[in-house]
Structures are given as C-alpha cells and as structure tokens.
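Let's take a friendly walk through a structure with more than one kind of architecture to look at. Have the sequence and the 3D view open as you read.

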Amino acid sequence: MIHDRIRHRLASALDVEPMDPALRARIVASMPIYRPRAQSSAASWVPQVIAAALVVAVVAGLVFIGRAQRQQTASVPFACRLPVTNANRTASGFLSLPDGKYTPANGYGITYDAALGIWLPVPSSWVAPNGRAFAYVNRLDATGGIVDTAMLHIVDAVTRSDTVWLLPQSGAIIRWNVDGIYFNAESNAETLLINPATGESHPIGIKTRGQGTWWTEVQNGYAWGLTFPGGYDSLNSAPFQLMRLDLSTGEASPWYTSQTELRLLGLDLEGRAILIEGSGSSDGSGRPIAVLAQNKAVHLGTADQIFSWDQIAIADSHGYWFSGAMGGIWLYTPAGGLRRVKSESPADMVAGPCI
Amino acid sequence: MGDPEGRLLELARSGDRSAFDALVGPLVEPGYRLAYGLLQQREAAEDALQEAAFKAWSKLGNVRPGSSIRPWFFAIVANQCRSARRGRWWWVVKLASPELQGNWPEDQIVRGADLRRALRLLPTERLEALVLYYYLDLPLEEVAAITRVPIGTVKSRIHRALEQLRPLLDAPLEAFV
C-alpha cells in the first residue's frame with residue numbers, strides 16, 4: 001500500500017514528458033551500420049556491412065571522467081599521423097602529431113587500412129593481417145527470422161570483389177589472424193577457425209562460452225577472455241579473472257585476478273592484455289591496466305586517471321592509444337605515462353595505428 | 001546460449017540491425033523513463049538514451065553468456081545519465097528548476113514540481129535506486145545488478161532517499177527498511 005503510494009507519487013511527478021513515439025525507430029535507425037555504396041561491377045557486395053559492431057577493436061566512446069577530463073594535453077615526442085573517425089559517420093581523417101592538426105579524409109570508414117591507404121567499413125579485427133581484404137558476416141535470411149546459418153563475406157579491399165562462404169552456423173567474428181578467421185559460432189558455442197580462401201571451417205576444440213569464460217581475443221596462439229563467476233546478474237561476485245587459453249594444448253590458465261570488475265579492451269603487439277580494472281564504485285569506471293605476465297599487472301595511469309568502460313584501445317609501436325567520444329585521445333607510453341594528446345580533430349576515435 | 005534472446009544477441013553481434021531492434025527496442029521506452037527520471041529533461045533523456053544505445057550496440061561483444069539484456073542495457077543508460085549529470089548543463093537544470101505546465105490540477109502541479117525539484121537534489125546513487133525500484137518497478141536484485149552494488153546497499157540508498165523525500169511523499173519512513 002505504502003509502496004503503491006510512493007510509486008504513484010513518483011509517476012505523477014515524472015510522467016510529464018512522455019517519450020516521443022518515434023524515438024525507438026530513430027534510435028535503431030541511427031545505429032551506425034555502414035552501408036557501402038553499390039558497386040558498378042559485378043562485385044555487388046551486400047550493403048549490410050556492419051561497421052558499428054565495433055565489437056572488439058572499436059569499442060565505442062572513451063569517456064574520461066572526473067579529474068582525468070580536466071587534464072592538460074601534452075605533446076608527444078615523435079611525429080606521425082593518427083587515423084581518427086567518429087561514430088556518427090560525419091568525420092574520418094588524420095590527426096597530425098605532435099601539433100594536433102586535423103586533415104579530413106575523402107570518405108568515411110571505421111578502420112584505416114594503412115597497407116593500402118584506404119578506409120574500411122569494418123572494425124580492424126575483421127581486416128586481414130595484410131590489409132588486402134576484410135570480412136563480415138551476414139545471416140542467411142536477410143528478410144527476417146532467425147536462422148542458424150550465415151554467410152561469411154570476404155571482400156577484396158581494393159576491387160571490392162566479394163567471395164561468399166556459407167557457414168554451418170551463425171555467429172560473430174573474433175579476429176582475422178594469419179592462420180585464419182576465428183569465429184564464435186552460436187548454436188553450439190564453439191570457436192571455429194575458418195580458412196578465408198576456401199571457406200572451410202573446423203572447430204578448434206574450445207568452447208566459446210565454456211567454463212564461464214567468454215573468449216573475445218585471439219592472438220599468437222592464445223585466446224583471452226574474462227570469467228564471470230556469478231553470471232551477469234551477480235556482478236559483485238568476485239574474484240573476476242582474465243583467462244588465457246593455450247590453443248595448442250587447450251589449457252586455460254587464470255592470468256590475472258581482481259576483486260573488482262574487469263573489462264578486456266584488447267591486446268598489445270606483444271599479446272599482452274589491456275584492461276580496465278573497476279574502481280569498486282558503481283559508476284562503471286576504473287583504471288587502465290596492462291597485464292605483463294601471469295598475475296603481474298601495471299597501472300597505465302595515475303590514480304586519478306579514471307576511464308569509463310566504454311572506450312577504444314589500440315596498440316602500436318608508439319604505445320597504447322585510448323580514445324572515445326567525450327574524452328579526447330590519450331596515449332600511454334612507459335616513458336611518458338598516460339597523457340592526453342593535443343588534438344583539434346572533430347573525430348576522436350582512433351581508427352588504426354599512428355603512421 | 002540457445003535461448004531466443006541469445007540467438008538474437010549473436011545476430012546483433014554480427015551486425016544485424018533488426019536483431020538489435022528486437023533485443024533493445026522493447027527497452028527504449030523504459031530506458032527513456034529511467035533517463036528521464038534521472039535527468040528530468042526530455043532532450044537530455046533522449047540524448048542519453050541515444051548514446052546508451054550506441055554504446056550498447058558497440059559493446060554487444062561484452063554481454064555475458066546467458067545473461068539478460070535488460071540489466072545490462074539499463075546499466076549503460078544509468079551510466080550515461082551519470083555522465084550527463086556531471087556535465088555543466090545539469091547544474092543549470094538542477095538550479096533553475098524549470099517546470100512544465102499542463103492540464104493538471106493545480107495542487108498536483110505544485111506537488112509534482114516540488115517532488116521533481118527534490119528529486120533533482122538527491123545524490124545520484126539514491127535517485128538511481130529510487131527510480132529503478134519505484135518508477136520502473138524493477139526487483140531489488142535487478143536494481144543491484146544495474147547499479148553494481150549489493151542488495152543491502154540498494155535498500156539503504158532507497159531508505160535514505162525516502163527519508164529525504166518524506167515530506168513530499170506522505171510516506172512513513174518504515175515504508176522501506
């Protein structure tokens with residue numbers, strides 16, 4: 001009774017500006033699915049390439065909060081051009097460092113393919129290591145309904161010619177590595193390794209979601225994922241663990257353990273994991289860390305450099321780049337620490353290594 | 001993840017917009033109510049929801065196996081609103097207390113306006129707990145999952161919020177212990 005009265009009071013006070021009925025359609029329609037223009041040749045690649053999945057490599061907007069947001073920018077001690085883009089498909093270009101000048105690109109993309117000097121409409125994890133092709137997955141029945149199978153598109157980055165392979169199951173690409181495309185299959189939760197040249201796929205003997213671990217990165221013979229001991233609805237269940245799976249032996253090892261929540265942002269060039277380790281507060285933020293070896297992690301910034309979960313991390317020979325929609329672009333180097341780089345760019349999501 | 005939501009999630013992960021709509025679309029309206037409850041400004045609530053939806057889209061790979069999409073999405077919405085409340089505009093809204101007019105009985109307008117003003121002055125974490133539990137009518141367990149605190153903390157936050165709002169709610173403090 002009392003609870004009902006409180007509910008009624010709150011509803012009376014707050015139900016004063018109802019939602020625009022068109023908001024749902026507007027939001028869904030605005031999801032940044034990149035639809036490439038139809039090609040004039042027979043290469044009629046399906047305009048359902050999904051840039052916005054941004055799944056692993058392009059995790060949306062970096063939100064630096066609190067004091068980190070107010071930190072001064074710093075010049076980097078080297079010169080390079082950093083490809084940058086934004087989530088709204090309004091700007092892609094290059095940030096010239098160290099001066100921070102921005103040069104718009106001709107066209108838009110999610111990932112800059114430095115090997116070919118072109119922009120691609122997919123996350124970097126879907127791009128072949130040599131940059132000459134990219135992949136995306138499209139379910140078989142594009143008109144609706146849920147199906148088990150899917151089409152894997154292998155698109156030549158230059159000619160846009162499209163080779164389509166029928167996959168035995170629907171799912172999502174983890175990463176295109178030198179040994180093939182790692183793919184999380186849906187129906188039996190297996191991870192497949194797909195030969196992009198033949199379309200042949202075979203399970204590599206690990207369960208995508210086995211043992212409560214969700215494998216989201218593959219590199220140098222290891223798969224990486226996080227465990228959630230209590231499941232999503234028990235977010236306070238510690239410990240949280242970063243797991244490393246040796247693909248040659250199938251042995252999974254706890255690699256880093258934390259009493260607060262972890263988010264895996266990606267791997268660096270040496271295959272070391274970059275994560276956010278929760279601050280323990282309830283605001284969805286934490287400190288960036290790198291796990292250098294088993295049970296050995298270092299903080300990448302000072303205690304007041306707090307990031308939200310939502311960010312992009314890309315590693316290159318200069319260091320780790322962090323970026324996002326609200327917080328500018330940041331660089332971590334062992335010598336210089338974590339600092340915000342000078343930028344006049346309207347686009348603030350890093351789209352590839354600094355070249 | 002053989003359940004329908006899990007299958008939709010996989011499709012959405014692979015970039016299927018209709019699957020994303022099927023997953024998140026039904027949460028837009030309650031998500032708006034959550035955002036509005038926290039921000040009390042339509043444009044700000046819509047912006048927060050738009051940003052949250054984009055983040056949800058881009059972070060589908062982080063959804064945990066077998067988990068429900070709802071607390072995950074609401075946590076993103078709440079986080080987005082927290083960011084908005086940290087912004088400069090929020091202080092303008094908070095202090096200026098703009099109120100709407102409509103076809104409401106006068107006393108209801110006054111009381112609603114007073115309550116809205118009082119809600120704006122609540123600490124964010126208390127307001128979140130109150131809005132999720134009473135305005136969105138979610139179970140305590142889900143409020144705890146969304147706000148990432150134990151259930152006991154949720155209860156405590158609601159209790160303190162009610163204590164602060166008691167004169168405007170006509171509710172005894174024992175309502176939530």
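Helices (H or I, at least four residues) and strands (E, at least two) are DSSP runs, numbered from the N terminus. The model is predicted, so local features need pLDDT of at least 70 and side-chain atom pairs count only at pLDDT 80 or more, while totals for chains, interfaces and linings use all residues. Residues are numbered from 1 along each chain as its sequence is written, and chains are lettered from A and ligands numbered from 1 in the order in which they are written.

**Chain B: helices**

Chain B has nine helices and zero strands, so from the N terminus on its elements read α-α-α-α-α-α-α-α-α. Of its 177 residues, 51% count as buried (20 or more other C-beta atoms within 10 Å of a residue's own, with C-beta atoms placed from the backbone). Among the contacts in chain B with a separation of 6 or more, 58% are between residues 24 or more positions apart; two residues are in contact if their C-beta atoms, placed from the backbone, lie within 7 Å.

Two packed helices are described by the angle between their axes and the distance between the axes. Axes are lines fitted to C-alpha atoms, for helices over the stretch in contact, and angles run from 0 to 180 degrees between N-to-C directions. Here are two pairs:

| Helix pair | Angle | Axis distance |
|---|---|---|
| H2(B) (residues 17-39) and H3(B) (residues 42-58) | about 140° | 9 Å |
| H4(B) (residues 69-86) and H8(B) (residues 140-147) | about 50° | 8 Å |

On the H4(B) side, B:Pro71, B:Phe74, B:Ala75 and B:Ala78 make the contact, and on the H8(B) side B:Glu142, B:Ala145, B:Ile146 and B:Thr147 do.

In the other pair, residues in the contact include B:Phe20 and B:Tyr32 of H2(B), and B:Ala48 and B:Trp57 of H3(B).

**Chain A: strands**

Which way do S1 (residues 73-74) and S26 (residues 337-341) of chain A run, parallel or antiparallel? They run parallel, joined by two bridges; strands pair if DSSP finds at least two bridges between them. Here A:Thr73 stands opposite A:Arg340 in S26(A).

S26(A) also pairs with strand S25 (residues 329-333) of chain A, in the antiparallel sense and over four bridges. In this pairing, A:Tyr332 has A:Leu338 of S26(A) as its bridge partner. S25(A) and S26(A) form a hairpin, with three residues between them.

Terms used
Buried ≥ 20, exposed ≤ 12 C-beta atoms within 10 Å, placed from the backbone.
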